[in-house]
Amino acid sequence: MRVKRVDLTALIAGVGLLVFGGVLLADALSAIHLTFAAYAPLACFLVGDVLLAAGLTRRD
Amino acid sequence: MVRDRPAVDPLLTMTDDTNPPEKPPEPGPEDPTREQPVPEPPTTPHEEPRRLYRSRSDKVIAGVCSGIANYFRIDPVIVRVLAVALIFLGGAGVFAYIAAWLLMPNEGEGGGPAEGPSRALTVAGAIVLIIAIAIAFPFHGNWWGGGWSFVPLGVIALAGLLVWRVASGERPQGDARAIVRAIGLGVAILAGCILLAFGAAWAAAAGGNGVVAGFVVAAGLALIVGAFVSPRAARWMIVPALAVALPAGAVAAANIDVKGGYGDRTYRPATSAAVRDHYRLGAGKLVVDLRAAHLTPGDHAIKLDVGVGEAQLVVPPNVCVSSDTHLGIGGVQVFKRDTGGVDVDHQDERFAPPGTPRVVVDANIGIGAFTIHHRPDQGWRRTLGNLACA
């Protein structure tokens, strides 16, 4: 049986965006107050994990 | 890359399957050609496309110049001289060299996907490079002459390549045309994503932040599902999804609200009663000039909201000002005092002596500047302080 490969970069980006979107949603609903002190590392983590995943996984 | 080919008779390689060659006549005992070798048919050399490789044997830094010279079959010194000239003439040579370093496979690697550690180093290098550019850009003047005018082109090309690599998960096959095609596609994706980013930022700032946040969550879920169901399609969604999420986050962090419209607005109330309690502007310059208002003794609370831009409060010297300022990114100057940065909370609580009017300002600026002074045309060195306060 042929097993379909999972794209790890897309998976990691998806999880990152899900978390990031959750934070944005919480801010929009006034559950939290997002500041740059929190946004900057969050955005760097999001971009960084996508770049790392893209760099470390190999596409055949 | 030279593919493995099955060992076949050279004669057969030159024949057409549909028209097999006539079988040579069986030589008879009296045939004079019996002992002679069969002549080799003329063969045409197999035309492999030329590949662009980084040279391993003749390199100064990464073998890029030597590889290009091998591709064009010229002396590597010529390419090296041109590369150095490009660095000093415009600076584009630096970016072109780094881009070539990132994309050209090493001699012998065959242009296929690089091995894991090599790719990791490549991506790490790209990240370090982007950080270096971001740090270096604001602090340099024109010491390269007009050289910096070329730099944005290099940055755009490099960004396009990075976008293409993240989106496709592949690397160009070492062919110069493939690299140019990748740059073009990457830049096109980048341009589309910039438009998307502006749209998302505007939507979030115009009150649709909940909708944009919901879109980001949905994009995350789609990527997770797509990673299993359709990996290739999912991969192309990553960059556009980031282009929506990141600006929306910046808008939320700066607390930008552009519902108040945009442009330059100046308010000069002529009486104390005409002073509003709330002035608002989405984007632009907001000036509230109270010099003609003849404020009555006592407190006058004013709230100022500017999404992106500048806010100025001008007061006469006989008015005391107590201020509480919040800025996402930017600077605040209250008479002779100033501060700035990100997430700025500046409080300057003052009290007025009896019989003196006091303006209590609550200012919220998303990205921009806020100034309180006595004369708009006066520099901060010459401006008077908050002298009317106790």
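What follows is a working chat about a predicted model with chains A and B.

Trainee: Before we start, what kind of model is this, and how are things numbered?

Mentor: This is a predicted model, in which local features need pLDDT of at least 70 and side-chain atom pairs count only at pLDDT 80 or more, while totals for chains, interfaces and linings use all residues. Residues are numbered from 1 along each chain as its sequence is written, and chains are lettered from A and ligands numbered from 1 in the order in which they are written.

Trainee: How many helices and strands does chain B have?

Mentor: Chain B has eight helices and six strands, where helices (H or I, at least four residues) and strands (E, at least two) are DSSP runs numbered from the N terminus. Along the sequence the pattern reads α-α-α-α-α-α-α-α-β-β-β-β-β-β.

Trainee: And chain A?

Mentor: Chain A has two helices and zero strands. Of its 60 residues, 42% count as buried, whereas the figure for the 390 residues of chain B is 33%. A residue is buried if 20 or more other C-beta atoms lie within 10 Å of its own, exposed if 12 or fewer, and partly exposed in between, with C-beta atoms placed from the backbone.

Trainee: How many residues does each chain put into the contact between them?

Mentor: Chain A gives 34 residues and chain B gives 43 residues, with contact meaning that the C-beta atoms of two residues, placed from the backbone, lie within 7 Å. On the chain A side, α1 (8–28) and α2 (36–56) each supply at least two residues, and the largest share, 15 residues, comes from α1(A).

Trainee: What is that side made of, by class?

Mentor: The side of chain A that touches chain B has 23 nonpolar, six polar and five charged residues. In this count Ala, Val, Leu, Ile, Met, Phe, Trp, Tyr, Cys and Pro are nonpolar, Asp, Glu, Lys and Arg are charged, and the others, Gly among them, are polar.

Trainee: Which residues have the most contacts inside the largest nonpolar core?

Mentor: They are A:Val50, B:Val216, B:Ile238, B:Val244 and B:Ala248, in a core of 73 residues. A nonpolar core is a set of buried Ala, Val, Leu, Ile, Met, Phe, Trp, Tyr and Cys residues joined through C-beta atoms within 7 Å. The elements that give two or more residues to this core are α1 and α2 of chain A together with α2 (64–72), α4 (92–103), α6 (151–168), α7 (176–229) and α8 (231–254) of chain B, and α7(B) gives the largest share, 16 residues.

Trainee: What does B:Ile238 touch?

Mentor: Leaving aside neighbours within four places in sequence, B:Ile238 is in contact with A:Thr9, A:Ala10, A:Ala13 and A:Val50 in chain A, and with B:Val166, B:Ala167 and B:Leu223 in chain B. A:Val50 is also one of the buried residues of α2(A), which include A:Leu46 and A:Leu51.

Trainee: And B:Ala201, is that buried or exposed?

Mentor: B:Ala201 is buried, because 23 other C-beta atoms lie within 10 Å. B:Ala201 sits in helix α7 of chain B, and beyond neighbours within four places in sequence it is in contact with B:Pro247, B:Ala248 and B:Val251. B:Ala250 is 49 residues away from B:Ala201 in sequence, but the two are 8.0 Å apart in space, C-alpha to C-alpha.

Trainee: Switching to the sheet, what is the strand order?

Mentor: Chain B has an open sheet of six strands in the order β1-β2-β3-β6-β4-β5, with mixed pairing, and two strands pair if DSSP finds at least two bridges between them. The edge strands are β1 and β5, each of which pairs on one side only.

Trainee: What partners does β4(B) have?

Mentor: Strand β4 (residues 320–334) runs parallel to β6 (residues 357–373) with 14 bridges, and antiparallel to β5 (residues 337–348) with eleven. B:Leu327 stands opposite B:Ile365 in β6(B) and opposite B:Val344 in β5(B). β4(B) and β5(B) form a hairpin with two residues between them, and B:Phe335 in the turn has a positive phi of about 55°.
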